[in-house]
Amino acid sequence: MDEWTDKNGDLYRLIPDSNPRAYELVKKAKKASSRKKKAGADE
Amino acid sequence: MPQNRKIQNFVENKFMADDAVGAAELVDDAVGNAALGASQPKNVKFTYAFSSDGGAVSSITLGTLPDKAIVTGGHAEVEAAVTSSGSATVALGLVANTDAFVAATAKGSLTLNTVLATSNDLPLKMSGDTPVIATIATGALTAGKINLFVEYYEGA
C-alpha cells in the first residue's frame, strides 16, 4: 500500500526507501465549510 | 512386571489430571496471542521511538494488525516525553484512518508517563492486514517514545 487517502480526505504517499515505512502528506483535503445549517433551524 | 522409570515419567496430555498445568509449569511469557482461543482478547504492543523512527512530519508504520481483528480498546503510554522545536502534534491510528486510536495531540499533552485513552474511533474491524501508524504533523519531533497497546478479538 504505497498511497492511501485518510478518512478526512488527506492523501498520503509512501516515502521511498523509508525505514520504517513512512508516508508523507501530499495533498490535504479542503476543509468543509464551518457554517453548518442546524437541523430543524428556522429558515 | 519390569518397569521403565523414564517411560513412566513421559505422560501424554490425555492422561494428565485437570489443572495439572499451573503457573509453576509455564515459562514466563510463554503464552502468546496465537495460543489463546478465538474468543479470548488478544493484545499487541506497538512502539513509536524517536531514536529508531525519526521525527519527521510524516506517518510512520509501527506494525500491523491482522485481517478481521476487532479492536475494542487499548491505551497509549508516553515512555519518553515528546519534544519539538515547533508546535508538533502526534496522532495514533491506522492507514486511511490516522486518528483511529488517538486524535492529533499536542506535544504539551505528551509528557512523561502520560497515559492516553485510545478509543477515538473504536470499536473497529480490520479489513485486511492493516498497518498501524503514528502521524506527526505541524512540526518535526526532536525526542519521544510512545507505546501503544491494542486489544482485539479475532473476528469472522
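Strand β2 (residues 11-14) of chain A is joined to β3(A) by 4 bridges, and the two run antiparallel. Strands pair here if DSSP finds at least two bridges between them. Strands (E, at least two residues) and helices (H or I, at least four) are DSSP runs, numbered from the N terminus. This is a predicted model: local features need pLDDT of at least 70, side-chain atom pairs count only at pLDDT 80 or more, and totals for chains, interfaces and linings use all residues. Residues are numbered from 1 along each chain as its sequence is written, and chains are lettered from A and ligands numbered from 1 in the order in which they are written.

**Strand β3 of chain A**

- Within chain A, Leu11(A) stands opposite Lys27(A) of β3(A).
- β3(A) also reaches across to chain B: 2 bridges join it to strand β2 (residues 58-65) of chain B.
- That cross-chain pair runs antiparallel.
- Ala22(A) has Ile60(B), in β2(B), as its bridge partner.

**The contact between the chains**

- Chain A brings 12 residues to the contact and chain B brings 9. Residues are in contact if their C-beta atoms, placed from the backbone, lie within 7 Å.
- On the side of chain A that touches chain B, the elements giving two or more residues are β1 (3-5) and β3 (22-27).
- β3(A) gives the most to this side, with 3 residues.
- This side of chain A divides into 7 nonpolar, 1 polar and 4 charged residues. Nonpolar covers Ala, Val, Leu, Ile, Met, Phe, Trp, Tyr, Cys and Pro; charged covers Asp, Glu, Lys and Arg; the others, Gly among them, are polar.

**Ser59(B)**

- Ser59(B) lies in strand β2 of chain B.
- Ser59(B) counts as buried because it has 28 C-beta neighbours inside 10 Å. The classes are buried at 20 or more other C-beta atoms within 10 Å, exposed at 12 or fewer, and partly exposed in between, with C-beta atoms placed from the backbone.
- Leaving aside neighbours within four places in sequence, Ser59(B) contacts Tyr12(A), Ala22(A) and Tyr23(A) in chain A, and Thr98(B), Ile133(B) and Thr135(B) in chain B.
- Thr98(B) is 39 residues from Ser59(B) in sequence, and their C-alpha atoms are 8.1 Å apart.

**Backbone exceptions**

- Most residues other than glycine have a negative phi, and most peptide bonds are trans.
- Asn19(A) and Pro20(A) are joined by a cis peptide bond, with omega about 5°. Pro20(A) sits in the loop between β2 and β3 of chain A.
- Leu122(B) and Pro123(B) are also joined by a cis peptide bond, with omega about 0°. Pro123(B) sits in the loop between β6 (115-117) and β7 (124-125) of chain B.
- Ala96(B), not a glycine, has a positive phi near 70°. Its place is the loop between β4 (89-94) and β5 (97-106) of chain B. Ala96(B) has 16 C-beta neighbours inside 10 Å, so it counts as partly exposed.
- Asn113(B), not a glycine either, has a positive phi of about 70°. Asn113(B) is in the loop between β5 and β6 of chain B. Asn113(B) is exposed, with 9 other C-beta atoms within 10 Å.

**Confidence in chain A**

- Chain A has a mean pLDDT of 82, and 72% of its residues reach 70 or more. pLDDT is the predictor's confidence in each residue, from 0 to 100.
- Among the elements of chain A, mean pLDDT is lowest in β1(A), at 94, and highest in β2(A), at 96.
- Where pLDDT is low, the predicted coordinates should not be read in detail.

Methods: Two residues are in contact if their C-beta atoms, placed from the backbone, lie within 7 Å.
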